[in-house]
Amino acid sequence: FNSYNVEITVPSGYLVWATGNWLNAETVLKKKFYDRYQQADTSDEVVHIISKNDLKKSDFLTKKRSHTYTYFVDSVPDFAFAIAPGYLWDAVSTMVDSSTRERTTLHVVYPESSLNGYKHIAAMGAKSVNHFSHEALQVSYPYSQVTIFNGGGGMEFPMMVNMRNKSPEDNLYTAMHELFHGYFPFYTGVNERKYAWLDEGLTCYLPIETEALINEKLVYSLQTYLDHYTMYAGNDQETTLMTPSLQTRGYSYYHQAYNKSTAAFAVLEHYLGRELFREGIRVFINNWKYKHPTGYDFIYTLQNTADEDLSWLINPWFFEHGWADLSLKDVKADSTMYRVEIDNAGGLPVPIRILVIPKQGDSYFITKNVDVWKGTQKVILNIPMEKPLKRIELGGLNIPDKVVENNYYFFSD
């Protein structure tokens with residue numbers, strides 16, 4: 001982690017946004033625009049620092065042949081900046097810590113051609129940061145300001161986001177994802193090149209509920225990630241999560257970093273429960289902020305927080321080769337009970353959900369938590385023979401399963 005004191009000199013007419021706090025905004029912006037810039041730091045409503053009308057006049061900077069922008073920031077792992085002439089500029093702030101009243105200001109800058117895709121990003125981005133801080137993670141956003149810059153691609157930097165312009169909902173998803181990277185890898189100092197599953201995985205998984213609340217057209221649900229995971233699970237390019245990411249390439253990297261990691265975190269949270277799982281994440285952040293934790297530090301922190309040996313679940317998902325695939329192996333019946341044998345064909349523990357469909361009457365579910373797989377690869381479930389059954393179905397929404405063809409059993413008439 002470093003301190004940066006940076007001066008960037010550009011020709012007149014060019015604006016600069018960068019990692020850190022802008023120290024000389026008052027000497028660069030004309031008073032009307034500087035007042036708007038300051039207003040945004042305490043405003044819950046979006047302030048249009050540079051509007052479409054302002055762009056037409058192009059009179060928002062003090063009259064000089066060049067301008068030097070000065071930035072200072074402490075305790076960040078990197079520095080980034082963006083330069084553009086004539087960008088629209090929206091800004092808004094949100095309270096991220098109710099006890100200290102600290103706020104984070106979100107700046108969103110983009111060309112007029114991107115107005116349709118970006119006009120709601122400031123408001124929705126601020127709601128996202130607020131939800132991260134108070135609900136999804138309950139850890140105050142670590143930076144006083146952050147800028148989303150419409151450049152290209154989608155990439156996070158400390159206090160900066162560079163992203164393309166696509167549909168409004170895709171832009172919002174990308175913005176939320178990159179904003180969450182403020183925690184991982186930057187605040188915690190995670191080595192994202194070695195432990196991409198910890199960096200990208202947590203950044204995919206934890207904000208899912210935030211996007212579900214804020215984005216009208218959900219881009220990535222948990223099921224989307226699980227579908228991507230099961231598509232490639234168990235093939236010869238799949239690595240364990242603890243394989244150093246820098247040793248992977250192409251889809252092996254993408255699968256490990258984004259999809260398998262999200263599936264693993266979903267199973268962990270299903271077992272531990274939302275509050276205990278996220279308390280483990282909070283302890284990890286508080287213990288390792290401004291340091292450089294490894295994947296092992298994360299696992300040990302989670303185990304210590306749970307006060308439980310999780311090796312039966314951690315080892316298969318993080319250290320061993322396997323995939324998520326349960327199958328209905330056999331069904332036998334006696335005079336009182338159906339005995340359903342479920343085989344863990346892929347080796348990775350996942351929850352059990354069975355839909356029981358009688359020939360007459362209402363269907364119902366039988367569920368078992370993932371710990372039913374402790375020490376075994378076969379589970380027998382007993383279903384009372386109260387009514388003749390039509391069929392049973394294994395699996396369902398938000399439970400990863402590589403092969404679904406072996407999840408059905410049909411009873412004879």
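## Helix packing in a predicted model

Of the protein's 413 residues, 54% count as buried. Please keep in mind as you read that the model is predicted. The protein holds 14 helices and 18 strands, and its C-alpha trace spans about 90 × 45 × 40 Å along the principal axes. Among contacts between residues at least 6 apart in sequence, 70% join residues at least 24 apart.

H6 runs over residues 168-180, and its 13 residues reach 18 Å from the first C-alpha to the last, close to the 18 Å expected at 1.5 Å a residue. How many residues of H6 are buried? Eleven of the 13 are, and H6 is thus mostly covered. Among the buried residues are Asp-170, His-177 and Glu-178, along with Leu-172, Tyr-173, Met-176 and Phe-180.

Next come two pairs of helices. Two packed helices are described by the angle between their axes and the distance between the axes. Here are those values for each pair.

| Helix pair | Residues | Angle | Axis distance |
|---|---|---|---|
| H8 and H11 | 196-205 and 250-272 | about 60° | 8 Å |
| H12 and H13 | 274-288 and 295-306 | roughly 125° | within 9 Å |

With an angle of about 60°, H8 is oblique to H11. The crossing of this pair is right-handed. On the H8 side, the contact includes Trp-197, Glu-200, Leu-202 and Tyr-205, and on the H11 side it includes Tyr-253, Tyr-258, Phe-265 and Glu-269. By type, the residues of the contact between H8 and H11 divide into ten nonpolar, four polar and two charged.

H12 and H13 cross at roughly 125°, and they are therefore oblique to each other. H12 passes H13 in a right-handed crossing. H12 brings Leu-276, Phe-277, Ile-281, Phe-284 and Trp-288, among others, to the contact, while the residues from H13 include Asp-297, Phe-298, Leu-302 and Ala-306. The contact of H12 with H13 is made up of nine nonpolar, three polar and two charged residues.

One loop residue deserves a look as well. Where does Asn-191 lie? Asn-191 sits in the loop between helix H7 (182-187) and H8. Its relative accessible area is 37%, so Asn-191 is partly exposed, a class that runs between the 20% and 50% cut-offs. The C-alpha atom of Asn-191 is separated by 7.6 Å from that of Pro-293, although the two residues are 102 apart along the chain.

Key:
Residues are numbered from 1 along each chain as its sequence is written. This is a predicted model: local features need pLDDT of at least 70, side-chain atom pairs count only at pLDDT 80 or more; totals for chains, interfaces and linings use all residues. Side-chain values use heavy atoms; hydrogens and water are left out. Helices (H or I, at least four residues) and strands (E, at least two) are DSSP runs, numbered from the N terminus. The expected span of a helix is 1.5 Å times one less than its number of residues. Buried means under 20% relative accessible area, exposed over 50%, partly exposed in between (1.4 Å probe, protein chains only). Axes are lines fitted to C-alpha atoms, for helices over the stretch in contact, and angles run from 0 to 180 degrees between N-to-C directions. Angles under 35 degrees count as roughly parallel, over 145 as roughly antiparallel, 65 to 115 as roughly perpendicular and the rest as oblique. A crossing is left-handed if the near helix is turned anticlockwise from the far one by less than a right angle, and right-handed if clockwise. Contact means heavy atoms within 4.5 Å. Ala, Val, Leu, Ile, Met, Phe, Trp, Tyr, Cys and Pro count as nonpolar, Asp, Glu, Lys and Arg as charged, and the others, Gly among them, as polar.
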